[in-house]
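These notes are meant to be read with the model open alongside. They take up helix packing, individual residues and backbone geometry in turn.

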Amino acid sequence: MRALQWFLAAGLAVLLLVAAGAASAQLSIEQKQYYQDWLKTADRAEDAVNAGRASDAALENLRTELDSYRSIFNEVRGSNSDRIKTLQSQLEALGAKPEEGTDEPEDIATLREHLQDQLDALRVPRIISEEAYNRANGLISEIDRLIRQRQTKEFATRGPSPLNPELWPAAGADVDQALRSLGNEIISNLKTDVVRTEIRQQLPTIVLLTGFGLILIARGRRWSERLGDYLRTFGGNGSGVWSFLVSLSRIFLPWLGVVLLASAASTSGIVGVRGQLLLDQVPNWAAIFFCFDWIGRQLFVIREEDKKPLLSRVRMAELRIVIDLLAVMLILFDLVQLFQRIENVPDSTRAVVTFPVIVLSALVLLRLYRTGPLRADDADSEQEESPRRAGFSKFARQVRRLLMILGVLSAVAAALGYVTAAESIIFPAIKTLALLSIIVILQRFLGNLYGWLTGKGEAGRDSLFSVIAGFVLVICSLPLLALFWGARETDLLEFWSRAKQGVSLGGIEVSPGTFITFAAVFVAGYTITRLLQGGLRNSLLPKTKFDPGAQNAIVAGTGYIGIALAAVIAVTSAGINLSSLAIVAGALSVGIGFGLQTIVSNFVSGIILLIERPISKGDWIDVNGQMGYVRDISVRSTRIETFDRTDVIVPNSDLISQSVTNYTRGNTVGRVIVPVGVAYGTDTRKVETILGEIANAHPMVLANPAPSIVFQGFGADSLDFEIRAILRDVNWVLSVKSDMNHEINRRFTEEEIEIPFAQRDVWLRNPETLQGQARPTPAAAAPATPASTKPAGLTEADMDGDPDGDY
């Protein structure tokens with residue numbers, strides 16, 4: 001069976017080489033040599049994967065070589081696309097090649113052959129690169145899978161238990177041997193003439209580095225405070241921005257001092273190989289400690305800035321100590337790993353040496369869990385928390401509880417012999433806790449910075465900007481979280497490489513570059529559209545003779561056209577070909593059309609309203625019994641503000657398909673009708689004269705056409721008259737009617753003209769049953785009231801007029 005598999009594989013390889021040899025006629029000498037080198041590397045990678053005996057480091061190096069080849073092949077397989085399309089279109093323009101035995105004009109045949117040779121010369125490298133790219137991609141996937149299998153196996157492998165006393169003497173001897181070797185190297189180097197000579201030659205540099213390092217460690221924090229005092233002179237005092245920057249300098253300057261001291265020790269040459277490996281890690285360890293100490297200080301600053309702190313000062317001080325201890329645990333773990341790499345100790349020694357660090361880390365996490373929020377007996381516990389702070393407090397408790405559980409599980413797993421699994425759980429958990437704390441601190445800083453720049457102050461912490469900033473920080477931290485929990489850098493690079501190639505959605509290749517290009521072009525077009533709208537609204541259109549409704553329509557139409565053009569240009573710039581979605585879009589359009597026909601109808605009606613402008617912003621209209629002023633016309637609906645100051649959203653289709661009364665379209669001239677009745681027996685000509693004087697005297701009534709007095713007829717209780725007048729502004733119709741009624745009451749009282757009220761004659765069959773008779777009290781005449789100075793609110797009933805439309 002294995003022989004058959006080998007035979008098939010060999011046959012396939014021969015076929016590929018034959019195909020490559022036939023195609024190599026189209027390749028240059030450099031391309032042929034590069035392809036031969038690639039074949040050798042690919043064969044070596046296949047042998048390493050099949051054997052499975054190469055180390056992880058060797059596999060990683062081999063993977064790096066394959067990835068470099070894959071990148072080149074990926075570029076080549078996508079090159080010359082435009083030129084190939086041009087040649088194909090030229091060949092299509094020549095028509096189909098005639099069948100064998102049919103003559104073709106010599107010029108056309110020569111041109112066809114020339115174009116075909118050019119097309120083959122461009123296609124062959126792409127075909128070979130496509131095959132090589134797929135092979136490289138497959139080999140990289142196999143290497144990644146092999147490494148992950150090894151990591152999984154190592155994670156689940158049980159080693160010697162560190163609780164076995166038989167392992168302790170050997171582990172102690174290994175540690176003692178490592179310390180003795182380090183000390184012996186330093187002593188031996190000090191005794192050599194070469195090192196002494198090197199020290200004498202580098203003594204000024206060593207002294208200078210040591211002096212600057214000690215000064216930065218001793219005076220760095222005080223210099224940071226002076227820097228903060230200087231920065232606060234630029235403003236923003238109390239915003240917390242400069243304090244944050246000062247806090248960064250407080251850890252950077254001492255860390256730089258440690259780096260200088262390590263450089264001085266390395267320059268002296270006395271540390272030896274083991275000592276140099278330790279010195280190379282000292283800056284990293286100092287960075288870990290200073291970073292954790294900075295986190296503790298920043299959490300304390302946050303506690304001091306909060307009006308309702310979650311922790312008391314005592315617990316906050318305890319929390320800072322716990323955080324510093326977590327940094328010490330990470331440093332000890334790195335030291336143990338370095339000890340294992342240098343001395344190449346057995347697994348038993350590694351388990352015994354690592355176990356105390358794991359247990360101490362678990363105890364620190366347990367102490368962190370016990371350092372919780374304020375209890376009921378604390379002084380500030382009576383203060384109520386806001387929903388946001390309550391949610392954050394709950395999240396913090398859940399994180400502490402999870403860390404405590406992981407710490408206990410890690411200690412138990414290490415005791416049982418699963419040291420690798422314990423290391424892979426507890427120390428990434430500590431790093432994750434530090435990263436989450438940094439995210440919270442940075443989000444607060446960005447909120448403070450936004451509040452300072454915008455003048456919002458502390459409100460900037462709860463703004464939308466702060467939320468978006470936190471979301472972006474979380475997204476940016478995902479690669480670090482992946483590295484903490486076992487992902488390799490090559491895994492992240494592979495993910496990014498595949499993401500750059502994009503994914504196919506309905507025949508459309510979508511990649512980060514495509515999305516970024518689309519977003520950038522669309523945002524630019526959207527911004528230009530808004531700027532153009534602002535220029536039209538504020539600068540150009542106010543200088544024209546267009547009414548406000550027409551100006552609003554032009555601005556809105558410009559916005560719709562600009563956004564549509566921005567979307568089309570963005571799609572074109574991103575290189576998205578939507579032709580492949582035409583069939584799918586055609587199929588979906590039927591269902592979408594039925595489901596969204598109402599929305600589409602309103603949208604089309606909105607476009608018609610903006611173009612024809614039967615109504616405009618500010619018009620007084622009546623539609624479906626809803627009366628009010630038009631405040632806004634959008635694509636889907638129109639907002640009407642009624643006279644009782646409520647907003648009514650009317651679908652645009654109603655404004656197109658139904659009857660709409662527009663009282664102020666074109667102009668604000670309108671009619672007012674004031675009905676009045678007088679008692680029978682009154683001189684009708686006298687009443688007509690008085691009403692005419694009242695109408696002509698009002699300042700809102702137009703003289704041309706002149707107001708008219710109509711004697712409507714003989715009512716059941718009165719002689720009915722009407723004042724019909726044209727107003728220069730119909731918006732004042734209710735105020736004018738009120739003013740005229742006041743004036744009518746005054747004049748009729750002066751002229752002793754009676755305004756009757758409804759009366760009925762009642763005949764009683766048994767008058768003896770009446771015990772008494774109520775005496776009516778005459779109504780006093782109302783005093784005259786001056787005319788109003790502003791229009792009164794209207795209702796639908798106030799607009800009922802004469803249906804015949806006569807004056």
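1. Threonine 529 is found in helix 17 (residues 512-540), where helices (H or I, at least four residues) and strands (E, at least two) are DSSP runs, numbered from the N terminus. Threonine 529 is buried, because its relative accessible area is 7%; buried means under 20% relative accessible area, exposed over 50%, and partly exposed in between (1.4 Å probe, protein chains only). Leaving aside residues up to four places away in sequence, threonine 529 touches Thr558, Gly559, Gly562 and Ile563, with contact meaning heavy atoms within 4.5 Å.

2. On the basis of the model: this is a predicted model, in which local features need pLDDT of at least 70 and side-chain atom pairs count only at pLDDT 80 or more, whereas totals for chains, interfaces and linings use all residues. Residues are numbered from 1 along each chain as its sequence is written, and side-chain values use heavy atoms, with hydrogens and water left out.

3. For the chain overall, the assignment gives 23 helices and 10 strands. Of the 807 residues of the chain, 35% count as buried. Among contacts between residues at least 6 apart in sequence, 74% join residues at least 24 apart.

4. Isoleucine 251 lies in helix 9 (residues 241-268) and counts as buried, because its relative accessibility is 18%. With residues up to four places away in sequence not counted, isoleucine 251 touches Phe290 and Trp294. The C-alpha atoms of isoleucine 251 and serine 224 are separated by 9.2 Å, although these residues are 27 apart along the chain.

5. How do helix 14 and helix 15 pack, in terms of axis distance and crossing angle? The axes of helix 14 (residues 419-454) and helix 15 (residues 464-484) come within 9 Å and cross at roughly 155°, which means that helix 14 is roughly antiparallel to helix 15. Here axes are lines fitted to C-alpha atoms, for helices over the stretch in contact, and angles run from 0 to 180 degrees between N-to-C directions; angles under 35 degrees count as roughly parallel, over 145 as roughly antiparallel, 65 to 115 as roughly perpendicular and the rest as oblique. Helix 14 passes helix 15 in a right-handed crossing, a crossing being left-handed if the near helix is turned anticlockwise from the far one by less than a right angle, and right-handed if clockwise.

6. In the contact of helix 14 with helix 15, residues including Leu435, Ile439, Leu442 and Leu446 of helix 14 meet residues of helix 15, among them Phe465, Leu473, Leu480 and Phe484. The residues of this contact divide into 14 nonpolar, 6 polar and 1 charged, with Ala, Val, Leu, Ile, Met, Phe, Trp, Tyr, Cys and Pro counted as nonpolar, Asp, Glu, Lys and Arg as charged, and the others, Gly among them, as polar.

7. Helix 14 also packs with helix 11 (residues 313-343), their axes coming within 11 Å and crossing at roughly 135°, which means that helix 11 is oblique to helix 14. This crossing of helix 11 and helix 14 is left-handed. The contact is made by Leu326, Met329, Leu330 and Phe333 of helix 11 and by Glu423, Phe427, Ile430, Lys431 and Leu433 of helix 14. By class, the contact of helix 11 with helix 14 has 7 nonpolar, no polar and 2 charged residues.

8. Helix 7 (residues 193-201) and helix 8 (residues 203-231) pack at an angle of about 65°, with their axes 4 Å apart. Ile199, Arg200 and Gln201 of helix 7 make the contact with Leu203, Pro204 and Ile206 of helix 8, and by class these are 4 nonpolar, 1 polar and 1 charged residues.

9. Some backbone details deserve a check, because most residues other than glycine have a negative phi, and most peptide bonds are trans. Asparagine 344, in the loop between helix 11 and helix 12 (347-370), has a positive phi of about 55° although it is not a glycine, and asparagine 344 counts as exposed, because its relative accessibility is 66%. Glutamate 752, in the segment after helix 23 (733-750), likewise has a positive phi of about 55° although it is not a glycine, and glutamate 752 is exposed, with a relative accessible area of 75%.

10. A cis peptide bond, with omega about 0°, joins asparagine 704 and proline 705, and proline 705 lies in the loop between helix 22 and strand 9. Alanine 703 is found in the loop between helix 22 (684-697) and strand 9 (708-714) and counts as exposed at 67% relative accessibility.
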